[in-house]
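I am opening a notebook on this structure. The entries follow what I looked up.

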Amino acid sequence: MPTLLGQGWHARATCLALTLSLTACGGGGGGSSTSGTPSSRGDGDTIVTLSGTLSMVETAAVDSDTNDIRQANRHANDDFDTAQALTTPVNLVGTVNEPGAGPDGPNKMLGDQVDGFVADLQTDQVVELTFSADPGKNDLELVLFSENDRLHPAGISMGTGNTECMRISQPGRYFIAVYANGGASVYNMRIGSPATASACANSTSAQALVATNQLVALPRSEFLQPVNHGRAQAQSVQTMQGFHSAAGLTQVPVPAGVPTLLTLPATASARLKGLAQVTGYTDFKRASMLSQAATLTDKRPQGLAATLDTLAYAKALMRTGQYQYVALNERVSLNQLTTGVGSFPPDDPFYPRQRWHYEQINLPAAMDRLASLATPPTRRPIVAVIDSGIMTDHPDLAGQIEGGRSFVSVNFTGDRDSANPDDPSSPDAASGEAPHFHGTHVAGTIAAQTFDGYGAAGVAPMARLMPLRVFDPGSPYASLFDILQAMRYAAGLPNRSNLLPPRKADVINMSLGSTSTCSAAYQDTINQVRQAGVIMVIASGNGANNPQGMTVPVGSPANCRGVVAVGASNVARVQAFYSQSGPELRVTAPGGDFSTSSTGDPVGDQIFSTVPNFTPEGRRVASGGPMVGTSMATPHVAGVVALMKYAYPDLTPDKLDEWLNAGKLTDDLGAPGFDTATGYGLINARKAVDVALNEARTPGVAPKGKIVANPFALDFGAQRTSMSLVLNVTAATTDVVRTISSSSAALRINKANVDPQTGLGTYTVSVDRSQLPQGTQFLTLDITTGNDSFTVEVTVVNQSGAGTARRQADYGAVYVIAMDALTNQTVDEVAVNAQNGQYTWQLRGPLNATVVLVAGADLDQNGFICEAGEPCGAYPLLSSEMTRLKLGGPIGNLNFSISPIGTGGDAQALNLGAPGSTTIRPIKHGP
């Protein structure tokens with residue numbers, strides 16, 4: 001049965017399609033084992049071992065005092081003096097909580113209300129905070145102080161959702177505070193290089209940003225007269241002035257309807273007493289905790305305490321419902337986004353995370369080409385997405401949907417057809433299967449709304465989407481029967497629904513497949529769909545990396561005649577380790593690799609797109625997130641074909657084949673001409689648009705080509721010594737590379753495969769850390785051409801020198817579990833801590849038992865791994881179905897990767913909902 005061919009952190013580990021394995025990274029580990037009850041499926045008492053390693057991006061880090069009692073080297077990081085030092089870029093996971101809030105653990109009773117960090121930050125770096133708990137009941141804030149001023153904050157991000165961010169306006173050393181203003185939550189904090197920063201409307205200021213102990217408030221008119229305030233224990237009637245007095249607030253007299261200035265008490269203990277009075281109107285338990293805290297000696301630094309108490313007052317006053325608004329008395333520098341249609345880069349705040357894969361296919365130049373047309377085309381192409389459905393109310397997709405249906409059989413017999421293509425998955429489905437929202441991610445890459453200052457960007461934002469759901473949320477599989485019906489519907493052919501779409505699709509995207517040969521049923525339907533003029537773009541499969549090292553051919557139906565079979569590339573423009581290959585492969589597109597971070601983005605080299613997430617209460621909200629696989633490569637190609645149909649509506653499958661075979665739509669990869677690993681090469685959106693416009697005889701005046709670098713930035717981290725940089729052109733040009741210079745003698749540039757006439761080709765960039773100071777260095781390569789100049793930002797971490805602290809990737813304690821493949825019962829479990837940047841583990845199981853492997857952290861110590869915001873992974877790849885291991889004997893080298901779930905939060909707090917997702921079912925661990 002076909003399965004989805006993409007990977008991401010939006011699938012429950014108990015139902016994941018894992019068909020790949022990651023390369024080993026070597027190294028240490030260790031921990032204690034907690035064995036579960038062995039499965040009855042096995043041969044008696046004969047026990048065999050399983051072993052391997054868990055890898056993570058080099059930038060992985062963990063809060064030094066999470067709520068997990070098994071965390072190694074726990075120590076407080078609650079204020080300026082105990083702040084945890086960070087080396088950026090960094091992708092940190094952690095927990096904070098109010099006293100008494102959250103799961104039982106070392107932090108519950110006294111609380112861990114502030115996590116403090118110190119880092120040397122550069123201009124335009126962005127500190128991004130996302131947290132997973134329901135913002136209606138839990139509230140985290142982000143506050144920055146400059147090293148030179150510990151009394152006044154340099155930046156405050158006080159949102160109402162699950163995301164906070166702060167852009168650095170001046171370089172320097174900063175104290176970063178993550179503050180639990182209410183409740184408890186797991187959180188992720190990301191600081192990338194300046195080149196990978198997400199859009200953020202908040203920025204630090206060199207001046208006093210906030211008048212601490214002051215608020216600007218406008219009471220609601222109905223509360224200007226005596227009112228009856230409901231308390232948990234008593235009723236009182238008082239005016240707003242009396243209310244303010246009871247809360248310790250001094251009010252500036254103003255006429256009714258005019259904002260007033262509220263001044264907070266001067267001492268920390270008095271502020272806590274006043275907060276208790278305010279909070280008592282909405283939460284007696286929290287008021288009691290504040291009253292108790294007020295009787296203790298306040299050990300918080302003065303500036304930090306005053307700032308956090310001011311934030312707490314503002315939020316507490318708003319929760320009473322008595323104010324139209326309560327605001328900090330602040331001066332904030334805003335980098336406001338603009339909206340409208342235009343050339344790349346778009347103003348969509350997630351675009352910086354999409355930049356590497358969109359630049360790899362030359363999309364910015366293609367969009368510039370289309371934007372140059374004097375008379376834009378009016379016909380919007382339709383792309384059918386045969387997949388797991390779509391989040392129909394996602395703001396990036398809702399306006400793009402045209403038609404769509406559900407074709408799902410119940411146990412492959414009775415029909416479950418519907419006009420609603422929405423993915424009905426929920427975090428508590430009785431079946432226990434995962435809502436992976438694969439189709440939503442695929443659809444966003446194809447045609448997410450763009451240039452709207454919101455969310456993510458799409459390859460073909462002028463296209464319309466026809467989502468056709470063939471996967472049931474209760475199963476990781478789709479049936480051949482359902483897929484054939486959806487294919488026929490998309491092409492306007494008779495199908496079991498006895499309905500036809502108002503307008504047939506121009507392109508069909510199928511990011512799914514199986515390991516079988518092309519069946520007669522597939523081939524017959526494909527022939528009919530092709531005859532109807534519809535172009536089919538299908539994923540080749542993710543099974544190329546396997547323990548046996550065998551070459552894995554293109555899967556079905558990508559191996560059928562008449563389709564465009566798509567393989568995947570990584571950020572280095574070479575075949576991704578998992579991408580299946582063979583003579584049927586036609587083209588390659590970015591599919592990503594979550595084990596590397598080549599540009600400095602802490603999330604790694606993944607494909608970023610639209611996804612839903614769930615709040616802990618099960619409410620579905622719109623967001624964005626990363627995935628990896630040929631599933632993610634395929635919509636890049638489908639989107640480019642949609643651009644071609646937009647430019648040339650008469651494009652046919654035969655014409656597309658002709659241009660592909662002639663190399664007119666791609667950049668050659670590997671051996672010259674066609675090869676089985678990458679087909680005819682990497683799809684090039686600008687070439688494709690140029691060919692289509694020329695065929696349509698509406699070329700107009702095309703923008704000139706220019707020389708660009710791929711990737712746009714280089715991150716050496718602390719271990720790499722050399723990386724490749726490709727200089728190529730976006731379109732035909734006579735421009736040539738004149739000079740390449742470095743901002744530091746530590747960077748050396750050598751020609752690897754370069755045209756001596758133009759200077760275009762592949763360069764090897766190497767670094768000599770002995771010539772660099774210790775710490776993180778942000779360097780540049782300055783490239784001058786005949787017509788232009790541009791800069792490639794380079795990040796290098798130097799940990800050499802006596803006494804220098806070594807940055808080691810670490811996500812805290814991680815639990816590796818072998819589960820019975822049929823019952824999901826734990827066979828064996830071990831807790832391990834990282835050593836030398838990776839985890840080494842060993843488990844045991846009964847001979848001939850069949851198991852699946854999953855690993856994850858339990859940062860909040862609630863007894864479950866793989867919850868929102870926590871690192872998680874499965875062998876060999878987290879996807880839509882688990883790979884089953886038959887324990888015929890000892891098995892080693894079971895190496896895979898872990899990464900935080902739902903770390904694609906929106907740095908601008910655009911109400912995309914919880915960036916941490918519960919779309920992976922938590923897995924119980926321990927005895």
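**Entry: a sheet**

Which residue is the bridge partner of S55 in strand 52? I looked it up: S55 has S897 as its bridge partner there. Before going on, I note that this is a predicted model, in which local features need pLDDT of at least 70 and side-chain atom pairs count only at pLDDT 80 or more, while totals for chains, interfaces and linings use all residues. Residues are numbered from 1 along each chain as its sequence is written, and side-chain values use heavy atoms, with hydrogens and water left out.

Strand 4 covers residues 47-55 and pairs with strand 52 in the parallel sense, over two bridges. Strands here are DSSP runs of E with at least two residues, helices are runs of H or I with at least four, and both are numbered from the N terminus. Two strands pair if DSSP finds at least two bridges between them. I then traced the sheet: it is open, has three strands in the order 47-4-52, and its pairing is mixed. Strand 47 (839-846) and strand 52 (896-897) are the edge strands, each pairing on one side only.

**Entry: strands 37, 39 and 42**

I checked strand 39 (residues 722-729) next. Strand 37 (residues 707-710) runs antiparallel to strand 39, and four bridges join them. A709 has L727 of strand 39 as its bridge partner. Strand 39 also pairs with strand 42 (residues 761-767), in the antiparallel sense over six bridges. There, S722 is bridged to S766 of strand 42.

**Entry: helix 11**

I asked which residues of helix 11 (residues 653-661) are buried. They are P653, K655, L656, W659 and L660. Buried means under 20% relative accessible area, exposed over 50%, and partly exposed in between (1.4 Å probe, protein chains only). Seen down the axis of helix 11, the buried residues fall within an arc of 160°, so they line one face of the helix. The arc is that of the directions from the helix axis to the C-beta atoms. After helix 11 comes G663, with a positive phi near 75°.

**Entry: aromatic pairs**

I searched the whole structure and found 12 aromatic pairs. Rings of Phe, Tyr and Trp (its six-membered ring) pair if their centres lie within 6.5 Å; planes under 30 degrees apart count as stacked, over 60 as edge-to-face and the rest as tilted. One of the pairs is F577 with Y578, which is edge-to-face, at 5.1 Å centre to centre and 85° between the planes. F577 is partly exposed, at 24% relative accessible area. Y578 is buried, at 0%.

Y648 and W659 make a tilted pair, 6.3 Å centre to centre with 45° between the planes. Y648 lies in the loop between helix 10 (630-647) and helix 11, and W659 lies in helix 11, so the pair ties together parts that are 11 residues apart in sequence. Both Y648 and W659 are buried. I also noted a cluster in which ring pairs link F344, Y351, Y358 and F451.

**Entry: charges over rings**

A charge sits over a ring if NZ of Lys or CZ of Arg is within 6 Å of the ring centre and within 35 degrees of the ring normal. I noted R405 over the face of F407, at 5.9 Å from the ring centre. I also noted K924, whose charged end sits over the ring of F864, 5.3 Å from its centre.

**Entry: disulfides**

How many disulfides are there? I counted two, taking a disulfide as a pair of cysteine sulfur atoms within 2.5 Å. One of them joins C518 to C560, with S to S at 2.0 Å. The torsion about their S-S bond is about 105°, so this disulfide is right-handed. It links distant parts of the chain, 42 residues apart. C518 is in the loop between strand 29 (512-513) and helix 9 (520-531), and C560 is in the loop between strand 30 (535-539) and strand 31 (564-569). C518 is partly exposed, at 23% relative accessible area, whereas C560 is buried, at 5%.

C866 and C872 form a disulfide with their sulfur atoms 2.1 Å apart. The link of C866 and C872 is right-handed, with 80° about the S-S bond. Both C866 and C872 are buried.

**Entry: H394**

Is H394 buried or exposed? H394 is buried, with a relative accessible area of 0%. I placed H394 in the loop between strand 23 (382-387) and strand 24 (405-406). Leaving out residues up to four places away in sequence, H394 touches Y454, T610, V611, A622 and S623. Contact means heavy atoms within 4.5 Å.
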